[in-house]
Amino acid sequence: MELIEIYGSDLVHSHRQEERYEQALALFSEAFGSGPVDVFRVPGRVNLIGEHTDYSQGYVLPVALDRDVLFIARPRTDGTIRLANAEAAFPPESFVLSDAISPAVHGHWSNYVRGASQMMAQRLGATRGMDVLVDGRAPWGIPRGAGLSSSSALTVAAAVALEHVNGLAVDRQVLAEACGYAEWYVGTRGGIMDQFAALLSHQGHALFLDCRPEAGTGRYHTQAVPLPPEYAIVVVNSGVRHRNTSPLFNTRVAEVRSAVALVQQRFPQVRSLRDLEGIPWESYVDLLPEEQSPDDLAQRGISLATLMNGGIMPDSVNLQVRARCRHVTGENARVLAAVEALAQGDVERLAKLMREAHASARDNFDISTPELESLVRLAEEIPGVKGARLTGAGWGGCIVALVPVTSVETFVSRVPQGYQRATGLRAEAFVCSAGHGASRVTEYTRS
Ligand code: GLA
């Protein structure tokens, strides 16, 4: 694709993108010498509604950001992968492509590329390595550590680059699902939303995804959902996030998997919380205690270690089984209603669903923070604003709001001001025009 197709026809915007691409290409040549390269870009995502439902095979409605990571690659003749990064904070690395790649130290940026590479070797037979320059710098890069899936974008970028340099042509759904699994390499047990959003989004649309594959075919139902033109999607980054969210995230995974194991004692056909769709709450709620310790579970023949299957173990002893289940089942219903509301152009209804989703994420799933609460309150004070809610995994990060196009200016100045007054912290607010999924960029120089 060409820059103009990817980023739209705003000339100033495209012009600055050209500079950005040229800088990244120059950095590649500095690191690896001049010569032909392949250029890929992969967006982050913001989720409109459907939080923490994907790893229960539920429904989600993310939007690809128009902020992305650049991944410049040159095929090698051997299986080595050499990595350089435009930012000094991310030191160069190299490793050999294989189906068992050892991880770098926990938290190292290369682990996302390692995980993707191992998956590409294991599942898709990739053998050929590459030299790579990653450029995720501001202002065009995906804000990091903000719950906007910058790590998934890196994983997906490594996968699409390896797909290309190995001459493979992998179905996008197969690749997205495999990239979800590839991220398990770092220890978290996330779902597939971020990788599907990064690969399959369409400009101007949200991506409705049913995370339960169809029996028999293994295909996922996706649908590009048009967004209301009179509203902008505005993201506000609280600038605060729990330092290491992995154990917290996996605690939620443990909680929902425990809920499934408990419900199975009466409903053996239930394989994920999604399968509770259509089964009345009253018929299984007695199986779900408010709190459950790993010992309580063991007494019922349920092993937490088996449920976590090698992932980082939860750091909490009391698993809140009932409230987590209430959130997931309610959230799935809200996503379906939100898609319907969008189809009918009913923004009021969508807003109500987003507000309910926020309340449930806070009260049932316990992933909000005082900073996110402050941002949601401030956003709702701006006239005309619809449905502000926390977005992404939580424990800090961002909120998303539907803001009338005519109020965007007021919103992006007033919300951060109010936030600074209330918390002493700086927030960044930016408009997200729903972007394209991952692409190989074929025209990027000013000629
Ligand atoms: C993270 C995970 C996703 C999803 C969200 C919460 O982004 O990677 O799979 O679970 O959190 O909705």
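Leaving aside neighbours within four places in sequence, His 327 is in contact (heavy atoms within 4.5 Å) with Glu 51, Arg 334, Ser 360, Ala 361, Asn 364 and Phe 365. The model is a predicted one, in which local features need pLDDT of at least 70 and side-chain atom pairs count only at pLDDT 80 or more, while totals for chains, interfaces and linings use all residues. Residues are numbered from 1 along each chain as its sequence is written, and side-chain values use heavy atoms, with hydrogens and water left out.

**His 327**

- Because its relative accessibility is 0%, His 327 counts as buried, a word that here means under 20% relative accessible area with a 1.4 Å probe and protein chains only.
- The side chain of His 327 reaches the backbone oxygen of Glu 51 at 2.9 Å, and the side chains of His 327 and Ser 360 are joined by a polar contact of 2.7 Å.
- A polar contact is a pair of N or O atoms within 3.5 Å; within protein, one must be able to donate a hydrogen and the other to accept it, and residues adjacent in sequence count only if both atoms are side-chain atoms.

**Helices α3 and α5**

- Helix α3 (residues 110-124) packs against helix α5 (residues 172-182) at an angle of about 125°, and their axes are 9 Å apart.
- The two helices, α3 and α5, are therefore oblique to each other, the class left over once angles under 35 degrees (roughly parallel), over 145 (roughly antiparallel) and 65 to 115 (roughly perpendicular) are set aside.
- In α3, the residues that meet α5 include Gly 115, Met 119 and Arg 123, and those of α5 include Leu 175, Cys 179 and Tyr 181.

Note on methods. Buried means under 20% relative accessible area, exposed over 50%, partly exposed in between (1.4 Å probe, protein chains only). Axes are lines fitted to C-alpha atoms, for helices over the stretch in contact, and angles run from 0 to 180 degrees between N-to-C directions. Helices (H or I, at least four residues) and strands (E, at least two) are DSSP runs, numbered from the N terminus.
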